Amino acid sequence: MGDILVNIDVDDLARAEAFYTNAFGLRPGRRFGKDGVELLGFAAPIYLLVKAGGTVATKSTHQRRDYARHWTPVHLDIVVEDVEAGVARAQAAGATVEAPVRSSNWGKLAVMADPFGHGFCLIEFVGRGYDEIAT
């Protein structure tokens, strides 16, 4: 297998770049004209791709892109050293907090959404992290 790349559809590239760089400290890499930008700083690069709202996502579905809050079974979990500070930084950049921070024996979890309706979580591991619950 090869590397993994993360593609995130957005309807406003400048606003998305500002959000992701300010919220998570990512930095721009390559630019793809006015239709995309590569963001670096995570283990996998993030590609912000401009796709207009209301356009069909694929030929195999009638579902259309919608940048209001939407649910998807795939989302980003972003590991941070301090979840409360991470929440404050993401909120200042334009994220929405969807639930209070939850604590468990493996760490803390904040459920949030970006300004484009994509959900994500901030995770602060404690102790052995997920090894606390691994079987």
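1. Helix α1 is followed by G25, a residue with a positive phi, near 70°. Helices here are DSSP runs of H or I with at least four residues, strands are runs of E with at least two, and both are numbered from the N terminus.

2. The model is predicted, with local features requiring pLDDT of at least 70 and side-chain atom pairs pLDDT 80 or more, while totals for chains, interfaces and linings use all residues. Residues are numbered from 1 along each chain as its sequence is written, and side-chain values use heavy atoms, with hydrogens and water left out.

3. Helix α1 covers residues 13-24, which is 12 residues. From its first C-alpha to its last it reaches 16 Å, close to the 16 Å expected at 1.5 Å a residue (the expected span is 1.5 Å times one less than the number of residues). At the start of α1, a side-chain oxygen of D12 comes to within 3.3 Å of the backbone nitrogen of A14.

4. Which residues of α1 are buried? They are L13, A16, E17, F19, Y20, T21, A23 and F24. Buried means under 20% relative accessible area, exposed over 50% and partly exposed in between, with a 1.4 Å probe and protein chains only.

5. The structure holds 7 salt bridges, each being a side-chain nitrogen of Lys or Arg within 4 Å of a carboxyl oxygen of Asp or Glu. One of them joins E38 to R30, with the closest N and O atoms 2.8 Å apart. E38 is buried at a relative accessible area of 7%, whereas R30 is partly exposed at 48%.

6. E98 and R69 form another salt bridge, at 2.5 Å from N to O. This pair links distant parts of the chain, 29 residues apart: E98 sits in the loop between β6 (96-97) and β7 (102-103), and R69 in the loop between β4 (46-50) and β5. Both count as partly exposed, E98 at 36% relative accessibility and R69 at 40%.

7. E84 and K108 also meet through their side chains in a salt bridge, at 3.4 Å from N to O. Here too distant parts of the chain are linked: E84 belongs to helix α2 (residues 83-93) and K108 to strand β8 (residues 107-113), 24 residues apart. E84 is partly exposed at 41% relative accessibility, and K108 is partly exposed at 23%.

8. The largest pocket has a volume of about 850 Å³. A pocket is an open set of points on a 1 Å grid over the protein atoms alone where a 1.4 Å probe fits, with protein on both sides within 12 Å along at least five of seven lines. The volume is the space filled by probe spheres set on the points.

9. The lining of the largest pocket, meaning residues with an atom within 4 Å of a point, comprises 33 residues. N7, H70, T72, V74 and H118 lie nearest the pocket's centre. Elements that give two or more residues to this lining are β1 (6-10), β5 (76-79) and β9 (119-125); β1 gives the most, with 4. By class, the lining has 17 nonpolar, 9 polar and 7 charged residues.

10. F125 is found in strand β9 and is partly exposed, with a relative accessible area of 34%. The C-alpha atoms of F125 and S103 are 9.8 Å apart in space, while the two residues are 22 apart in sequence.

Key:
Nonpolar A, V, L, I, M, F, W, Y, C, P; charged D, E, K, R; others polar. Polar contact = N/O pair within 3.5 Å; in protein donor to acceptor, adjacent residues only side chain to side chain.
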